[in-house]
Amino acid sequence: MTDTRIPPPYTGDERSMLNNWLEWHRGTLAVKCEGLTDEQLRLRSAPPSALSLLGLVRHMAHVERVWFRRVLNGEDIPKLWDKDRDNDADFKEVDTASVKEAFATWEEEIELARAISAAKPLDAAGDRNGEDCTHRWILVHMIEEYARHNGHADLLRERIDGVTGE
């Protein structure tokens with residue numbers, strides 16, 4: 001696998017640290033998916049779980065969209081993957097989902113999130129269910145969200161082909 005991630009530095013200001021850790025974790029999910037076939041990306045963890053690498057990519061595209069575009073930027077845009085109908089559609093409906101579309105959507109949402117994040121101070125607040133939610137909180141949450149799901153991705157990848165690593 002090609003790993004082009006840049007490890008987060010040990011020193012820096014708060015914004016740089018948050019951004020570098022988020023980029024590290026975004027890159028980690030990409031590394032975990034690299035070099036696999038569509039069928040391998042769709043492979044479920046273990047019954048009854050619907051968890052798959054493709055599902056994680058679809059989920060993280062949705063999460064990027066919700067936290068940066070809907071919450072922080074106040075955009076009135078629909079959820080991805082028909083999640084209004086089924087909140088777990090991103091995970092459950094991977095058997096016929098387009099791998100190319102999922103990765104393109106994830107990458108697009110990351111680029112949009114980066115642009116929104118770069119334009120907002122850390123103390124900027126968006127609305128989350130009627131409560132203020134700061135940009136800082138969103139960045140910390142995104143790091144946590146990716147870190148948790150990258151743990152899932154580690155196990156999924158090891159099950160598929162034995163590849164391990166951070």
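Buried residues are those under 20% relative accessible area, exposed residues those over 50%, and partly exposed residues those in between (1.4 Å probe, protein chains only). C133 is buried by this criterion, with a relative accessible area of 8%. C33 is also buried, at 5% relative accessibility. The structure is a predicted model, in which local features need pLDDT of at least 70, side-chain atom pairs count only at pLDDT 80 or more, and totals for chains, interfaces and linings use all residues. Residues are numbered from 1 along each chain as its sequence is written, and side-chain values use heavy atoms, with hydrogens and water left out.

The protein contains six helices and two strands. These elements are DSSP runs, numbered from the N terminus (helices: H or I, at least four residues; strands: E, at least two). Their order along the sequence is α-α-α-α-α-β-β-α.

The overall dimensions were computed next. The C-alpha trace spans about 40 × 40 × 25 Å along its principal axes. Of the 166 residues, 46% count as buried. The accessible surface comes to about 8,700 Å², and 52% of it belongs to carbon and sulfur atoms. Areas come from the Shrake-Rupley method with a 1.4 Å probe; for residues, only the protein chains shown count as cover. Contacts are defined by heavy atoms within 4.5 Å. Among contacts between residues at least 6 apart in sequence, 70% join residues at least 24 apart.

Strands β1 (residues 125–128) and β2 (residues 131–134) run antiparallel and are joined by four bridges. Strands pair if DSSP finds at least two bridges between them. R128 has E131 of β2 as its bridge partner. Two residues lie between the strands of this hairpin, and N129 takes a positive phi near 55°.

M142 lies in helix α6 (residues 135–161). Its relative accessibility is 0%, so M142 counts as buried. Leaving aside residues up to four places away in sequence, M142 touches L22, M60, V63, E64, W67 and F68. M60 is 82 residues from M142 along the chain, yet their C-alpha atoms are separated by 9.2 Å.

Two aromatic pairs are present in the structure. The rings of W67 and W137 have centres 5.2 Å apart and planes at 45°, so this pair is tilted. It links distant parts of the chain: W67 in helix α3 (residues 53–72) and W137 in helix α6 are 70 residues apart. W67 is buried, with a relative accessible area of 8%. W137 is partly exposed, at 43%. The rings of F103 and W106 have centres 6.1 Å apart and planes at 75°, so this pair is edge-to-face. Rings of Phe, Tyr and Trp (its six-membered ring) pair if their centres lie within 6.5 Å; planes under 30 degrees apart count as stacked, over 60 as edge-to-face and the rest as tilted. F103 and W106 both lie in helix α5 (residues 99–119), three residues apart, about one turn of the helix. Both residues, F103 and W106, are buried.

Zero disulfides were found in the structure. The criterion is a pair of cysteine sulfur atoms within 2.5 Å.
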